[in-house]
Amino acid sequence: MRCFNFILLFCFGFIIINAQPRNVFNNYQYLSVNRLTNNAVHSIFQDSRGFMWIGTDDGLNMYDGKTVRQFYLSDFIPAQLNNNTIENICEDADGNLLMSAKAGIIKFNWLTKQFSVVYKNDFTSFGNQYPDLFIDAQKDVWVCERVRIKKFDAQFHLLQEWILHDSADKKFFAGPDVTRILNEDEHHNIWFTDNGTLIKINSSGDKEDTVQLTHLHKFFKSGVAIDAIQFSGNEIFMLINGKAVFKLDTSFTHTPELILKDTMSKWFNGILVSNNKLFVTTSNAEIFTTDTSGKIIAWYKKQSDISVSGNIATIKDKDGNLWICTIQGVYELIIKAPAFHIVPLKNPAQLSNYSLMGLTIKNDILYVNCRLGLIKFNINKNVSEYILNKNNDASKVLYSSFYPYKNYWLASTPYKPYIVHVKNHILQYASLPFKHPSLLDSAGTFAFYKDKRNNIWIGLCNDAGIVCWHTTNNTFRCYSQKDTGKYYCPLRHFGYAAEDNDGNIWMGYEKGGLAVFNLKQQKFISLPFNKKSSINDVSVSGIVNDGNGNLWIATNTGLICYNQHDNTYNILLRKNGLPSNYVESIQKDDEGNIWAGFQGIICKIESRTKKIISFTTADGLPDDDFENAVYDAASKRMFFTGNDELIYFYPSQLKKNIATLNPVITGLLVMGKNQPVIKNEKLKLSYSQNYITFNFSAPNYINAAENQYACLLAGADKSWNILGNQQTISYSQLQPRNYIFYLKARIAGGTWHNAQEPVFISILKPFWLTTWFWILCGAVVLLVVFAFTYLRLHNKYEQQILSQNIRDKIAGDLHDDIGSTLSSVTILSELGKQKYAEATPLLERISKNISLIQENMSDIVWAINPRNDRFTNIIQRMSQFAAELLEPKSIVLNFTAEDVLLSLLLPMEKRRSLYLFFKEAINNCAKYSGATKVDVHLFQKENIVSMIITDNGKGFDTDKNYTGNGIPNMYKRATELRGSLNINSVLNAGSFIELEFTV
């Protein structure tokens, strides 16, 4: 009975499905992924970073919407034996990829970009060449080995194992493709299939009750294959045999319901449930969108000969686009809300192209010039028809433009202007029916423009000039290049014109030239631009007044925006965001925004902010030249034409279909080698690793060509590097310091999105620049200095000891040997004088010299004796010498020395020079001064010792040269002391001697 009900339901569903109307939408686009390792695709997966991973017969592919990066497993894993087929792709808890291949389960480490086998293929004995792989919501890993199922944790520790068998006959399943993982439901049950049988394992239950067998052969005949399974709440959607979609409840208490059946041999090859909608792909690139009851909501039909036969999988990415994985490649179906509408055009003449030209709106009717004549499009009814030219001759263009005037048309032709009527869908033309200059009967017309005063300006061909037709009184005025005046009429004729806020008429010629007709002066005037500018020579393709004081001029060298308020202008170019410097058409909407046409692109330029938003083929535009534009204020529609397409859209409703960007650093190369980047950890490099390359991306599958990147390496860059669509940047000769790499991306003209994690890098200093090295060097230097100083002092001390010993020995020898000898000579001289009276004078002279020698020897002995190095000994000897010399002559001596000098040490040389200086000075006082009083004062200030000697004698003339050696000797001793000497004396007023030297 149940089987009979199923047959009835099947037939009823068949009738219902075919009776439903099919709505075809054009608001989608197929994009193919090129440069894959192989077109035979087995699996496709989008990771948490947004990248699409595509497994093929011959390798792995990473795709970001723009570029494909290829990986071959055999390059990393010898066990693959040159086999690079990949069956399944999943992502583990750490963001690494797991994939099933010949060698087993292979992990791709995102950080190191390396492949490794994490589970060896030990199921070949079961007849399976590749495992079936699945990761559940808890990030546990499921592996199918024919009739054996294993569950692992994220580190591949075995958690549980099941041996599947039929509960009725206890026999193991047979066949090479027995067990295949299908999906996971919202209750975390894992579903498997086997030739019409569903196997459900409750991943959180006990082993005894985790296996439940549901035999679909109770409802279907044997041999039914379950191709795909999707869950929505408590409902299950199954694709059976590629021909029908059934809906079941998870409890299996109700009969399966047929909701969609292939009646046209399209072969359903994939299903996907999202937001209560069912997407079904077919083998000829069609997509059915139904509700959960099977009612078709939309039908996406291919626009080109794309075949998706052999579909393996269909997935939906984070932006809502469908990805169709086939044996012939991967195709992305971008599904968008209605934005650009293409007017269906019939072609009665079967032309290869329409050659669409000018646009004119009259009474809610859009007229389009073309090779056939006119296309008439009823804006309100969305219906088009053709009005052919009189001769129905499509081989030549008779009318280049039309202008509605009264109850007929003004038509421009290469011969002369005509008036045109429409009769029986045929254009009927005749000569102008009013009085006009004869010039208009002989010159071809190029364009018409009507100003606010109802004057119609006519551009004439063949250098005939420009005619202004004052329609209020039917008078004409002609302006020609042949007229006088430098700026009278600089154009041959015009093709485009617009009126500024002062009523001046701006005219442009598409082959070069720009002119302004001044309303008040009634003549053409100089352009209000910089005289050095070449703007007056540009090729003009449109002029528009935006109503906000700006005049926009479309040219072949950019989009000129002239501000009439302050007579300034700027030019928008590619560097400002335009897709090209050649602007093909221009128009404005109700809000004053400018819309410009390019090859395959239409740009919106906000009048006030100059922000540019580009709409491309990825947004649903046909790939055509948009050369003409017109805005219908009544219907709020903007119309553009290409060669073969007439499109319209609503400017106020048009939103850019922008993908949400997530910038990702995909690789870091240090000295050309891959370097892992660990989250929240600083990468430390040596000073020689100073060449770094960053690779990055922002997955975008809608408009990847519009991705723009910027980066900043803090520590090296002073400002952001704007890279355009460049996805790599290198830094060389980086100095040792800390760096932070920041990355951001945006869609052209959109908002910047920052990468989630910056990269922290520290380039270490070479050891000779590190603090510890300098501390060590300082310690070594200090040690060397200490050692040197110690050795020097030690050597000096030893030398002093040695010197002292030598000086003691010399002093002793002089005193004992030479002194005793001189004493003996003196005694002998005295004996000689007594014995030989006649030798007395000679002996007295000898005695005198010997006494002098003894005195000098005594001074030398005193000087070299180390015990006399203290200043107290010097003071004592000096005072004793002075007293012995002065007292016999009744000269009073006042000798004083500060106590601070008593502990001072003087080397032998300085002590000797000081003492000899003092002796010379005291001798001079005693012999020549005639003084009765001599004062000697020694004192120290800081490191300078001063000695002042004064007397109250008769003095002397310091400017007079004396024959004696006294004063020169004192200056000599002062020099030996490295000091200064000041001698001051006044006749009959005494003398003053001051000696200063450093100690």
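**Reading a predicted model: definitions set against values**

Guide: The protein contains 7 helices and 71 strands; helices (H or I, at least four residues) and strands (E, at least two) are DSSP runs numbered from the N terminus. This is a predicted model, in which local features need pLDDT of at least 70 and side-chain atom pairs count only at pLDDT 80 or more, while totals for chains, interfaces and linings use all residues. Residues are numbered from 1 along each chain as its sequence is written, and side-chain values use heavy atoms, with hydrogens and water left out.

Visitor: What makes Asp451 a polar contact of Trp457?

Guide: A polar contact is a pair of N or O atoms within 3.5 Å; within protein, one must be able to donate a hydrogen and the other to accept it, and residues adjacent in sequence count only if both atoms are side-chain atoms. The side chains of Trp457 and Asp451 make such a contact at 3.1 Å. Contact in general means heavy atoms within 4.5 Å. Leaving aside neighbours within four places in sequence, Trp457 is in contact with several residues, among them Asp451, Tyr479, Phe494 and Phe517. Asp451 is also linked with Arg453 and Glu499 in a network of salt bridges.

Visitor: Why is the pair Lys636 and Asp590 called a salt bridge?

Guide: A salt bridge is a side-chain nitrogen of Lys or Arg within 4 Å of a carboxyl oxygen of Asp or Glu. The closest N and O atoms of Lys636 and Asp590 are 2.6 Å apart, so the pair qualifies. The pair links distant parts of the chain, 46 residues apart: Lys636 is in the loop between β54 (628–632) and β55 (637–641), and Asp590 is in the loop between β50 (585–588) and β51 (594–597). Lys636 is partly exposed at 41%, and Asp590 is partly exposed at 44%.

Visitor: How do you know that Arg973 and Glu976 are separated by about one helical turn?

Guide: Arg973 and Glu976 are 3 residues apart in helix α7, which means a separation of about one helical turn. Their side chains meet in a salt bridge (3.3 Å, N to O). Arg973 counts as buried at 16% relative accessibility, whereas Glu976 counts as partly exposed at 36%.

Visitor: What makes a set of residues the largest nonpolar core here?

Guide: A nonpolar core is a set of buried Ala, Val, Leu, Ile, Met, Phe, Trp, Tyr and Cys residues joined through side-chain atoms within 4.5 Å. The largest has 33 residues, and those with the most contacts inside it are Phe871, Leu914, Phe918, Met947 and Leu995. The largest share of this core, 8 residues, comes from α6. Leu995 is in contact with residues including Leu914, Phe917 and Met947. A second, separate core of 31 residues includes Met52, Ile54, Leu60 and Tyr63.

Visitor: How do you know that Leu776 is partly exposed?

Guide: The relative accessible area of Leu776 is 46%, so the residue is partly exposed. Leu776 is found in helix α3 (residues 771–835).

Technical notes: Buried means under 20% relative accessible area, exposed over 50%, partly exposed in between (1.4 Å probe, protein chains only).
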